[in-house]
Amino acid sequence: MANPEHMEIQQDLENYKTTSGKVSLIDQEARQHMEDYSAGVRHYDKEEYELAIEFLERALKGYYSEDEDCQIMCEGPQRFEEHEYLDYKAGLYEAIADHYMQVLACKHDCVRELATRSGRISPIENFLPLHYDYLQFAYYRVGDYIKALECAKSYLLFHPDDEDVLENAGYYEGLLEGTVDPATIKPRKEARALLRRHKLESQLLQNYWNRYGARQDEHSVPSSISSEPEDGPRLSLTKKPMPKPDRELKEGGPLLYSDVKFVYNSEQLNGTQRVLLDNVISEEQCRELHRVASGIMLAGDGYRGKTSPHTPNERFEGATVLKALKYGYEGRVPLKSARLFYDISEKARRIVQSYFQLNSTLYFSYTHLVCRTALSGQQERRNDLSHPIHADNCLLDPEANECWKEPPAYTFRDYSALLYMNADFEGGEFIFTEMDAKTVTASIKPKCGRMISFSSGGENPHGVKAVTKGQRCAVALWFTLDPLYRELERIQADEVIAMLDQEHLGPSEMNINPKDEL
């Protein structure tokens, strides 16, 4: 339930329910206030404002109740981690002070704790204020202008400079003019109390840390989120923008090779930092790569031997560039064919670096020749994907409309590319979606020589539709701008190619043991 996109687990759950009879599954880690908030947002998105109000108000009530419980739990024994070393010896008063500062830090962290979904590390940014933001607009849409103004003023306690909500509050006051004195409508008491307490905790902790050292406060109320301007009152949050990159985003640079054909850019693909190209490799090169693939791929390669890492209805096989060169050196596959894998991946890297006009070198992060094969007898009534919707450098959280850039995601990846080798299969379309992982923004049918490339962040959620017949093969490429995260096997492959380019060397001169698992 914490990972709804994991199709293999979903299939297991269906099997368990079938063998066990009618069962009701309960998420034991779910928090009710978080579930109510998510339900409220879903109803809001469907413009079901009365239901949205019901669930969001229930979520607020649950949030403040959970906050009280969190505060109480912090009163117990504490471990002061900063002082857990042998040389630390505190007197009575120091020990008492340390204990109560740790209690205070624990209470201060309740804001973060209550905004963090089960199984996640980072909290939902702006979580508590967003309740009031959604409510002020929902109440306006159902005609309750007093409640709308009350919630708008509650939101402004947290973000007093939010221009959108300030404008909304003024609009609501105008609607109430002559019937109710707007000055009598105050922000909600519980919001005022929590914010006052949180600020006082921040001051006390900051004074303590500044005086005695230790950590800095990282858990202040998160900043506001801006929006697109529109007529009349509006919600100050539509979709959370991704963090601004530390480089200027460009595209449209030269494709470097005369035979490569431009097909679609970002605008035509309804997204950001996307490009679709054809004729990156020829039909003959596709056939040769396919022959290499059949000789070097292993089931579950790259996924610790799991033959069906993404769906139980397909077999997954893969191989790396270094493995191809090793097999070529050993004579298991033609060395020329193994080298083709290396050369076309380098061609793809140069095209991506040039097209997106990157002002620094783009390095390989991982290179993988992959094939997905539909398993016979398992294709009827399939409702899963060949590869679930995801982003390449962050953990996609569709319900929160977030992509968390934290481990275990490959946060160092900057650009991705997929170079297709064949079209003689059914299904297997590559798709881009919105952050909700449901709304498809572009669909691409693979064929020989076609390459889709895009930036690796949450701005480009993507996946692969089910392969229902045949085998779908491609070269998957991930790139980084950080040389610290260069692909180790690629560096080794570069060395092998450099030696092969010098002259035809023997095994001893190449310093390669054919039996080594490179």
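Me: Which side chains meet in a salt bridge at 2.8 Å, N to O, with aspartate 278 as one partner?
Reply: The partner of aspartate 278 is arginine 450, and their side chains meet in a salt bridge at 2.8 Å, N to O, where a salt bridge is a side-chain nitrogen of Lys or Arg within 4 Å of a carboxyl oxygen of Asp or Glu. Aspartate 278 lies in strand β2 (residues 274-278) and arginine 450 in the loop between β12 (440-444) and β13 (451-455), so the pair ties together parts that are 172 residues apart in sequence. Helices (H or I, at least four residues) and strands (E, at least two) are DSSP runs, numbered from the N terminus.

Me: What kind of model is this, and how are residues numbered?
Reply: This is a predicted model, in which local features need pLDDT of at least 70 and side-chain atom pairs count only at pLDDT 80 or more, while totals for chains, interfaces and linings use all residues. Residues are numbered from 1 along each chain as its sequence is written, and side-chain values use heavy atoms, with hydrogens and water left out.

Me: Is aspartate 278 buried or exposed?
Reply: Aspartate 278 counts as buried at 6% relative accessibility, and arginine 450 is buried as well, with a relative accessible area of 14%; buried means under 20% relative accessible area, exposed over 50%, and partly exposed in between (1.4 Å probe, protein chains only).

Me: How many salt bridges are there in the whole structure?
Reply: A search of the whole structure gives 22 salt bridges. One of them joins arginine 31 to glutamate 113, with the closest N and O atoms 2.4 Å apart. Arginine 31 lies in the loop between α1 (7-20) and α2 (32-45) and glutamate 113 in helix α5 (residues 110-114), so this pair ties together parts that are 82 residues apart in sequence. Arginine 31 is partly exposed, at 22%, and glutamate 113 is partly exposed, at 40%.

Me: OK, switching to valine 321: where does it lie?
Reply: Valine 321 lies in helix α11 (residues 321-330) and counts as buried at 3% relative accessibility.

Me: What does valine 321 touch, leaving out residues up to four places away in sequence?
Reply: With those left out, valine 321 touches Phe341, Tyr342, Ser345, Thr367, Arg490 and Ala493, contact meaning heavy atoms within 4.5 Å. The C-alpha atoms of valine 321 and glutamate 489 are separated by 7.6 Å, although these residues are 168 residues apart along the chain.
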